[in-house]
Amino acid sequence: MRIVPFLVCAVVTTGLVIALNMRLKIGGKEAPAFGSFLSPQHGFWQNAESVNTDYSADLKFPQLNGKVNVYLDERLVPHIFAEQENDAYFVQGYLHARFRLWQMEFQTYAASGRLSEILGGSDPRILDVDRMMRRLGMVYGAERSLEEMEKDGVTKKACDAYTSGVNAYIETLTESKLPLEYKLLGYAPEKWTNLKTALFLKYMSLDLAGHDDDFEMTNAKSFFNAEDFEKLYPAIQDSLDPIIPRGTAFAEQKVMPKAPASADSLYFNIKPVPVKETQKPDRENGSNNWAVSGKKTKSGAPILCNDPHLGLNFPSVWYELQISTPAFNAYGASFPGAPGVIIGFNDSCAFGFTNGGRDVRDYYEIKFKDDTRREYLFNGEWRQSKFRIDTIKIKGRKDFIDSVAYVQLGNDWCPVMYDKTYSGGRNNSDKYYAVRWKAHDASNELKIFSMLNRAKNYSDYQAAVTNLHTPGQNCAFACKNGDIAIRTQGEWPAKWKGQGDFVMPGTDTSYLWQGMIPQDEVPFQYNPERGFISSANQKPVDEAYPYYLGRNYPLYRGITINKRLTAMNGITVDDMKALQTDNYNMLAQMILPLLLKNLKEGDLNADEKKYADLLKGWDLRNDVGSKGATVFEVFWKNLADTIYEDEYAKAPKLTILPFESTLAEGLLKDSAYKYVDNISTPQKETLADDVTAAFKKTSVELNKASANGKLEWDKYKATMIRHLLRIPGLSRLNLPIGGGVHNINAAKDVHGPSWRMIVQLSAQTEAWGIYPGGQNGNPGSKFYDTFVDQWAAGKYYPLWMMTRGEEKDKRVKWVMNFSK
Amino acid sequence: MKFFVSLILTAFLSFAACLYLPWWSIAIVAFLIAALIPQRPGWAFLTGFIALFLLWGGMSFWLSSRNDHILAQKIAAVLGIGNSYLLIALTALIAGLVAGFAALTGSFLRARKG
């Protein structure tokens, strides 16, 4: 034996193995351990799924009670036929896990504030997000909802079967079969639980009903005088075309919320707060839905359309499927993470949702006796708070312990989200703010889907959707018997005017929510005279509705949809496709003539003139390739900056600019709009001055865009579908798609129509749909992004409601048989 | 002859070991084969290197081809490696080096001085 070379080589070999087993930092980013990651038998090569993969299988699970046949079609959409309903949920869980396990788990990690566990602590924002989730009470809300869900025998059985199906798949996993992302990040899946399903639903609640501007509005209120504040943040929009048409009579008001006597001095005369949130749900989490009655369609059958706008991610938040059981037969988009069909149709009717978007998240300033937060002042006495101690595990570092005080406000225990240890990443404040969020309340949202999946008529639909508390949704409905309906459903706090717009005093009962709007006062429409129902997140009702609904609602998509539907007759499915993907810009139609009239063309140089000509020749459509659309969008943004810059120059940093509709309506009402004057100059500016100055700024920006070849609207906007880990290599960037925030086709940069669906309820249902993604969440599958290009092009797939007897149809590519 | 027998045994047993054991079992296999079938150190290194270079390179090429290189292109982009063939080459090289050095170590266990 040659000792020295032996030892040297042994050390080199061991060193190599150890180095290849470590997650090294490369270019500041943690890379996967190369040894196992590159091993063809363990690592990512195993995820390089054959393009000819055979998905057929015969699987046996003792958890099943009967047989389940799954027919996978050419788009990898499963058609699940189960002898027993709960077996269908078992198989749904199995398939969700088979194709989407990583995303399901990742979303529940995010919801429960556990991202640090898998992503580590190198980016401090991750811990901040984790703390935010926990302090907002996401887990608290999920636990309460789970209790409610498990009280209901039907929901409990469905969830148990679903969970069992997910776990049945997880148990088959070996290191080599783990989804790619686990290998990239270096961890393994946990067992699924019903709590994870509840957490996923809270994740959606946060996205849809978690938005608030309370701190920003508080600061704006403290800075501007009352008259300016009303002008900048009006509660009324002149051009509003509400979901429930103007002039509708409403039920008599039964809950009478009263503003406390101290409101004027204590609340509306508020001081600024130096607190900021780190991450907020997208303000434009909007959506469109509408249904037209048979008298407006060519076929004589109603048509329902829905396109929920959500963050555009890989893998998609939706997974398409059909579930057929002896009790019901439903097709549509499901949430990986929850049982049932969420947006879809059955043999009798179709259903779809848009976000209600009301403010159901309010803050109360709490007075603690001392820094221990053990006692808080409420109704004149010191009361005991409770604590929730959170241990946040951080990969590669020691645990972070966070303690959150809970105080009882009225009947509700609320987390004191912001305190001396946490003010959302900004400088510390001495104040304590508890959050009262509707999503903390126990409710069973899964019940509505279980009931909708089997709904046969309007009364079934009504009985189903009234179970929806949070996130409140505008629920559209159409039925083969010709009925159409919409309900602005939710359990909404009955507020006095201005309640919850700003942070509120939390030392007594006077500022608490005084009750919920009774369900029989929730506005709805059933077979309206005009022959259609629609919603696009606009304010649901006009000023005749007795309850206060807040200030901020998107305006323009709703106007376009209602105008177009009013004018249309003899409607076909193709008309609906064209409408759902329409890029017409209603805001531009309204405001552009005024802007062009005020543009001082004599002051423009050659470049600016060129852009002005583009704008004048523009067809008001945000289409692919449109340069005029880019000019308008950049111009409009610059105009808002030019007009408001001076007024907000000295405002608290954390504030909010007026909504776009406020500026547009302000200018249209009065071209001598108060804020066009620049208060920091001695002379008096006019609208023409501002418009021209803004256009000059626009031209500079456009020159830059043009130099980068990004003058066309789709290139400028650069819509992308991002992988949940934000890895560009696993994302699809720069998609050729038009549209934008004020278009029906609301495709923005990272946000847009997440599932387009059109269902014509003729004798033989005709349904079309598409989502930006693919059925297989594995980036190594050819089904990972199958639908993306078609989606961007505004195309649809026929949705096949398969029936027994069609097993031999050529669309069936693979069969999975599940049995005991 | 020894070279070819060692090469085939190393590749085959590495494949078998990786069905049940972690990836670094290739080092153990290469070490053992080199220790059991004595060769001069240079030949031993080549045996281990070539066996695993071909095994991992071949397997990853086969997996990637069936996949139309969909995933390899994405991972190459994620890791900042030019293209899928370079990624296959990197995979083969890593395995070759580990097995080569392991075999070299094994050969020194048996090699006589002088």
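Predicted model: local features only at pLDDT ≥ 70, side-chain atom pairs only at ≥ 80, totals over all residues.
Colleague: Why are Glu608(A), Tyr611(A) and Leu615(A) in helix α18 of chain A called buried?

Modeller: A residue is buried if 20 or more other C-beta atoms lie within 10 Å of its own. Glu608(A), Tyr611(A) and Leu615(A), in the helix spanning residues 606-616, are classed as buried. What covers the buried residues of α18(A) includes α17 (586-598), α19 (627-648) and α21 (687-707) of chain A.

Colleague: How do you know where the buried residues of α18(A) lie around the helix axis?

Modeller: Viewed down the axis of α18(A), the buried residues fall within an arc of 65 degrees, so they line one face of the helix. The face turned away from them carries Ala606(A) and Lys609(A), which are exposed.

Colleague: What makes β16 and β22 of chain A edge strands?

Modeller: The open sheet has six strands, in the order β16-β17-β18-β19-β13-β22 (chain A), with mixed pairing. β16 (386-392) and β22 (504-505) each have a single partner strand, so one side of each lacks a neighbour in the sheet.

Colleague: How do you know that β17(A) and β18(A) pair?

Modeller: Pairing requires at least two bridges. Four bridges join β17 (residues 400-409) to β18 (residues 412-418) of chain A, therefore the two antiparallel strands count as paired. In β18(A), Pro415(A) is the bridge partner of Tyr406(A). Helix α5 (residues 124-135) of chain A packs on this sheet, touching β16, β17 and β18 of chain A, and its direction makes about 25 degrees with that of β17(A).

Methods:
Residues numbered from 1 in each chain as written. Chains lettered and ligands numbered in written order. Buried ≥ 20, exposed ≤ 12 C-beta atoms within 10 Å, placed from the backbone. Arc of directions from axis to C-beta. Contact = placed C-beta atoms within 7 Å. Axes fitted to C-alpha atoms, helices over the stretch in contact; angles between N-to-C directions.
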